[in-house]
Amino acid sequence: MHNAFWDHLKDQLSATPPDFSCALELLKEIKEILLSLLLPRQSRLRSEIEEALAAELLEQKAAHGALNVRLLSKYVLDTMTLLCAPVRDEAVQNLENITDPVRLLRGIFQVLGLMKMDMVNYTIQSLQPHLQEHSIQHERATFQELLNKQPSLLDHTTKWLTQAAADLTTPLPACADASDSTPVACSSPNEAANSPEPLSPTMVLSQGFLNLLLWDPENEEFPETLLMDRTRLQELESQLHRLTILASVLLVASSFSGSVLFGSPQFVDKLKRITKDLMEEFDSRPEEAMQTVSEQVSQEIHQSLKNMGLAALSSDNTASLIGQLQSIAKKENCVRSVIDQRIHLFLKCCLVLGVQRSLLDLPGGLTVIEAELAELGQKFVSLTHHNQKVFGPYYTEILKTLIPPAQTSETEVESL
């Protein structure tokens, strides 16, 4: 309600004799809000509210100048104490200290508005599992109707999962060293490549989801079960690409900054801003973007070392720093390749273990982008989890043909 209403209410209650027309209007609305906050089982409290705030009774009292606004406000506060969520306890208690009747009614109305939002949020949370289940069943039924009309509708999905199974049984190629001065070893973080474990439905499906983040735009055989999610997957792929560049820049910078300087959150945040500001340019002109990044990062390291009274970089180290940063523009750059592999490994762990557990043991070079990885991981897991809920039965049947029965259990297949 606008300020004018409260000013008018104050004038009415201060008049001689008092005018209760605005107060009656407000009490009627307060009653409706209180009733809307009740659960079906609270029938006794509903009857009490309807009796205490009955419009006809209040109008009769107002007509005889006997409407006790303060007493009614006290009743409303007591009722709010019974109905409010714990987070609103303090706000309701604070209202009890207000003596001015208009300020009290205004405070009551404001807190009731918050309580209404609490109830809306509670209702949404309560309905969410049912809405999600309905969405899953509807999407699956719609797809089944299409599949009945077009039996070949799962061909690309089958090929996608077949490739994922093949990837898990084929060792990953080693990263080619791009520079002798690269400060990171070029071994793959995926130790399983050298001693592959027996295939399982979960492993194959996780690998398939990861492969979607590396999808060749020229490949038109995108899995049919994920066509509706393709745009979102492309956005995640772009986000992953930018995080790879960001982490690569920070990893190279850390080797020249020293632990004291790089241990400063403000310094790391400044390097992040420098890199992120040029990400859009990187997509179209990677060499030019990395040249600018390398110059700005070098200047920031030089100035920060000077400000902290630490030894400045030599001319050779400065040239090496700039050179290594500029080489990140190349797709085959070793630092970039290793970081990319490690982010994919993190996402794979997210699919198997969950995001929070995966964040507890981040691969080297990724701790500085933990917050960004958490966001990426959560989006990826949410998308794949919903897709798996919808199309799990189809994936199960396909995977039964790809994985020998001896390598998997019936329980794991059915769990999809």
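User: Where is proline 17 found?
Analyst: Proline 17 sits in the loop between α1 (3-14) and α2. This is a predicted model, where local features need pLDDT of at least 70, side-chain atom pairs count only at pLDDT 80 or more, and totals for chains, interfaces and linings use all residues. Residues are numbered from 1 along each chain as its sequence is written, and side-chain values use heavy atoms, with hydrogens and water left out.

User: Is the peptide bond from threonine 16 to proline 17 cis or trans?
Analyst: Cis. Omega is near -5° for the bond from threonine 16 to proline 17.

User: How many helices and strands are there in the protein chain?
Analyst: The protein chain has 19 helices and zero strands. Both are DSSP runs, numbered from the N terminus: helices are H or I with at least four residues, strands are E with at least two.

User: What is the radius of gyration of the protein chain?
Analyst: It is 32 Å, well over the 22 Å that the globule rule gives for 416 residues, so the chain is more spread out than a compact globule. The radius is taken over C-alpha atoms, and the rule is 2.2 Å times the number of residues to the power 0.38.

User: What box do the C-alpha atoms fill?
Analyst: Roughly 95 × 70 × 35 Å, taken along the principal axes.

User: Which share of the residues counts as buried?
Analyst: 41% of the 416 residues. Buried means under 20% relative accessible area, exposed means over 50%, and partly exposed is in between (1.4 Å probe, protein chains only). The areas come from the Shrake-Rupley method with a 1.4 Å probe, and for residues only the protein chains shown count as cover.

User: Leucine 27 next. Buried or exposed?
Analyst: Leucine 27 is buried, at 3% relative accessible area. Its place is in helix α2.

User: How far is leucine 27 from leucine 58?
Analyst: Their C-alpha atoms are separated by 8.9 Å. Along the chain the two leucines are 31 residues apart.

User: Switching to charges. How many salt bridges does the structure hold?
Analyst: 11. A salt bridge here is a side-chain nitrogen of Lys or Arg within 4 Å of a carboxyl oxygen of Asp or Glu.

User: What does arginine 88 meet in a salt bridge?
Analyst: Aspartate 118, at 2.8 Å, N to O. Arginine 88 lies in the loop between α5 (69-83) and α6 (89-95) and aspartate 118 in helix α7 (residues 101-149), so the pair ties together parts that are 30 residues apart in sequence. Both residues are buried.

User: Which residue does glutamate 300 bridge to?
Analyst: Lysine 270, with the closest N and O atoms 3.1 Å apart. This pair links distant parts of the chain, 30 residues apart: glutamate 300 is in helix α14 (residues 286-307) and lysine 270 in helix α12 (residues 265-276).

User: Why does glutamate 300 count as buried?
Analyst: Because its relative accessibility is 18%. Lysine 270 counts as partly exposed, at 31%.

User: What about lysine 272, which partner?
Analyst: Lysine 272 forms a salt bridge with glutamate 372, the closest N and O atoms being 3.2 Å apart. Lysine 272 is in helix α12 and glutamate 372 in helix α18 (residues 370-402), 100 residues apart. Lysine 272 is buried at 11% relative accessible area, and glutamate 372 is buried at 13%. A network of salt bridges links Lys272, Lys276 and Glu372.

User: Now the surface. Which residues form the nonpolar patch?
Analyst: Val260, Met308 and Leu310, with about 260 Å² of accessible area together. Patch residues have over 30% relative accessible area and no salt bridge; like charges are joined within 9 Å, and nonpolar side chains (Val, Leu, Ile, Met, Phe, Trp, Tyr) within 5 Å.

User: Where does methionine 308 lie?
Analyst: In the loop between α14 and α15 (315-327). Methionine 308 is partly exposed, at 42% relative accessible area.

User: And which residues form the negative patch?
Analyst: Glu25, Glu29, Glu32 and Glu50. Lys and Arg count as positive and Asp and Glu as negative, while His and the chain ends are not counted. A charge is placed at NZ of Lys, CZ of Arg, CG of Asp or CD of Glu.

User: Which helix gives the largest share of that patch?
Analyst: Helix α2 (residues 21-36), with three residues. Glutamate 25 lies in helix α2 and is partly exposed, at 46% relative accessible area.
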